[in-house]
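Have a look at it first.

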Amino acid sequence: MWIENIIEAKQRLGISAKEMAARSKLGVSERTIRRILAREADSPRVDTVLDIGETVGLTGKEVFAETTALLNLDLMELIRFFIK
């Protein structure tokens with residue numbers, strides 16, 4: 001699942017949620033990042049997920065790799081699916 005991809009990249013880099021928040025282009029807070037990574041956020045926005053993925057060096061395609069494979073969709077189709 002997409003969240004594991006972000007968690008694994010975060011662990012590989014050895015950075016904290018605070019550092020991720022500082023790298024966030026959208027200004028995602030440390031608290032929000034912690035909630036998302038702890039699976040406490042019911043349905044985080046796609047742009048937020050993509051942004052926190054970028055903070056650990058992942059592209060959108062890398063973040064949603066398994067999801068797009070399971071749905072057999074390309075990334076843009078997946079984003080359109082979640083935005084509707």
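## Fold

The protein chain has seven helices and zero strands, where helices (H or I, at least four residues) and strands (E, at least two) are DSSP runs numbered from the N terminus. Read from the N terminus, the elements go α-α-α-α-α-α-α.

This is a predicted model, with local features needing pLDDT of at least 70, side-chain atom pairs counting only at pLDDT 80 or more, and totals for chains, interfaces and linings using all residues. Residues are numbered from 1 along each chain as its sequence is written, and side-chain values use heavy atoms, leaving out hydrogens and water.

## Burial and core

Of the 84 residues in the protein chain, 37% are buried (under 20% relative accessible area, 1.4 Å probe, protein chains only).

## The ring pair

There's one aromatic pair in the structure (ring centres within 6.5 Å, with the six-membered ring used for Trp; planes under 30 degrees apart are stacked, over 60 edge-to-face, the rest tilted). Trp2 and Phe64 form it, tilted, at 6.4 Å centre to centre and 55 degrees between the planes. Trp2 sits in helix 1 and Phe64 in the loop between helix 5 (60–63) and helix 6 (65–71), so the pair ties together parts 62 residues apart in sequence. Both Trp2 and Phe64 are buried.

Technical notes: Buried means under 20% relative accessible area, exposed over 50%, partly exposed in between (1.4 Å probe, protein chains only).
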